[in-house]
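Colleague: Please pick one part of this model and take me through it closely. Keep it brisk, and spell out your cut-offs as you go.

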Amino acid sequence: MDLTSAARIGQIHREMAELCLALKPPVDELSDQLGRLSRKALEIGVSDAAADLDRMCAASDRLQALTAELIGAPPPAAPEGRAWLAGHEHLRHDLRTPLNAVRGYGELLMEDWQEGGASRLMPELRQVIATANQLLSMIDDH
Amino acid sequence: MKILLVEDNEMNRDMLSRRLVRKGYEIVMAVDGGEGVLMSVSASPELILMDMSLPVIDGWEATRRIKGAPETRHIPIIGLTAHAMAGDREKALEAGCDEYDTKPIELERLIGKIESFRSKTSGG
């Protein structure tokens with residue numbers, strides 16, 4: 001591996017760690033918001049959304065785990081550097097995938113909850129979608 | 001309108017198919033490029049939504065095979081990719097896609113593209 005690649009790997013590694021550090025507060029907030037939404041849905045008896053809410057929570061958990069992993073990961077050692085460089089292209093995609101799931105299922109529920117008792121969940125659901133959108137923008141802009 | 005959705009990601013498949021069914025479309029699904037090619041014949045779809053990053057046979061190759069077969073080449077294909085990267089659109093169109101869109105899906109935009117093919121195929 002030449003010096004240019006090593007410098008490039010170091011730079012990209014730092015950028016990803018910085019991005020994940022910036023993402024952490026809204027990622028944690030998203031997890032809290034989803035927790036509140038799920039509890040309220042349970043309280044008011046919106047049981048048909050349980051599977052979709054579980055998927056959204058699972059996606060949020062994956063995102064939390066991934067950002068924590070990227071914040072804590074040491075820079076790749078020289079022998080693995082080249083493979084890491086090739087793989088880092090997918091990191092942003094890996095960060096976006098759970099967010100797209102949260103947003104997509106959120107929008108599905110939005111359509112479901114326009115009417116009836118579940119409409120009381122709309123403020124919490126809107127918050128969840130807004131946070132997911134904020135995180136997607138941060139990933140795209142960083 | 002019968003649409004074949006070729007998508008390997010279970011959540012994406014579930015979300016998109018449910019939203020399209022609500023809008024009145026009939027959806028059949030394939031989970032990889034190979035199954036997509038087979039179902040383009042067996043399911044007789046009127047349009048295909050093709051994720052390009054697929055296992056077994058990727059979306060570009062599946063599109064080339066569907067567009068290369070006389071019995072399926074008339075079926076419009078909208079290619080879908082997760083990365084809005086420069087060159088993706090051209091790559092999809094080169095493989096034979098008639099249209100292209102990026103994920104995450106904006107439903108109204110995608111439906112606009114789907115409907116443009118309905119008016120073309122119905123002659124309206």
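Modeller: Chain A follows the pattern α-α-α-α along its sequence. It has four helices and zero strands (helices are DSSP runs of H or I with at least four residues, strands are runs of E with at least two, and both are numbered from the N terminus). This is a predicted model, where local features need pLDDT of at least 70, side-chain atom pairs count only at pLDDT 80 or more, and totals for chains, interfaces and linings use all residues. Residues are numbered from 1 along each chain as its sequence is written, while chains are lettered from A and ligands numbered from 1 in the order in which they are written.

The C-alpha trace of chain A spans about 65 × 20 × 20 Å along its principal axes. Of its 142 residues, 27% count as buried (20 or more other C-beta atoms within 10 Å of the residue's own; exposed is 12 or fewer, partly exposed is in between, and C-beta atoms are placed from the backbone). Take the contacts in chain A with a separation of 6 or more: residues 24 or more positions apart account for 84% of them (a contact means C-beta atoms, placed from the backbone, within 7 Å).

One residue of chain A leads across to chain B. A:Arg103 sits in helix H3 (residues 78-112) of chain A. A:Arg103 counts as buried because it has 23 C-beta neighbours inside 10 Å. Setting aside neighbours within four places in sequence, A:Arg103 touches A:Ile129, A:Ala132, A:Asn133 and B:Pro104. The contact between the chains takes nine residues from chain B and nine residues from chain A. On the chain B side, these are four nonpolar, one polar and four charged (nonpolar: Ala, Val, Leu, Ile, Met, Phe, Trp, Tyr, Cys and Pro; charged: Asp, Glu, Lys and Arg; polar: the others, Gly among them).

Now the part for a close look: the sheet of chain B. Five strands of chain B form an open sheet in the order S2-S1-S3-S4-S5, with parallel pairing (two strands pair if DSSP finds at least two bridges between them). At the edges are strand S2 (26-30) and strand S5 (99-102) of chain B, each pairing on one side only. On average, neighbouring strands of this sheet are turned by 20° against each other, direction ignored (axes are lines fitted to C-alpha atoms, for helices over the stretch in contact, and angles run from 0 to 180 degrees between N-to-C directions).

Go strand by strand. Strand S1 (residues 2-6) of chain B pairs with S2(B) over five parallel bridges. There, B:Val6 stands opposite B:Ala30. S1(B) also pairs with S3(B), in the parallel sense over four bridges. B:Leu5 has B:Leu49 in S3(B) as its bridge partner. Four bridges then join S3(B) to strand S4 (residues 77-81) of chain B, again parallel. B:Ile48 is bridged to B:Ile77 in S4(B).

Helix H1 (residues 10-22) of chain B lies across S1 and S2 of chain B, at about 165° to S2(B). In H2(B), the buried residues are B:Gly33, B:Gly36, B:Val37, B:Met39 and B:Ser40. Their cover includes S1, S2, strand S3 (47-51) and H3 of chain B.

Helix H2 (residues 33-42) and helix H3 (residues 59-68) of chain B pack at about 20°, axes 9 Å apart. So H2(B) is roughly parallel to H3(B) (under 35 degrees; over 145 is roughly antiparallel, 65 to 115 roughly perpendicular, the rest oblique). Their crossing is right-handed (the near helix is turned clockwise from the far one by less than a right angle; anticlockwise is left-handed). B:Gly33, B:Gly36, B:Val37 and B:Ser40 of H2(B) meet B:Gly59, B:Glu61, B:Ala62, B:Arg65 and B:Ile66 of H3(B). That contact divides into three nonpolar, four polar and two charged residues.

Last, the loops on either side of S3(B). Most residues other than glycine have a negative phi. B:Ser44, in the loop between H2 and S3 of chain B, has a positive phi near 45°. B:Ser44 is partly exposed, with 13 other C-beta atoms within 10 Å. B:Val56, in the loop between S3 and H3 of chain B, has a positive phi of about 70°. B:Val56 is partly exposed, with 14 other C-beta atoms within 10 Å.

Key:
Contact = placed C-beta atoms within 7 Å.
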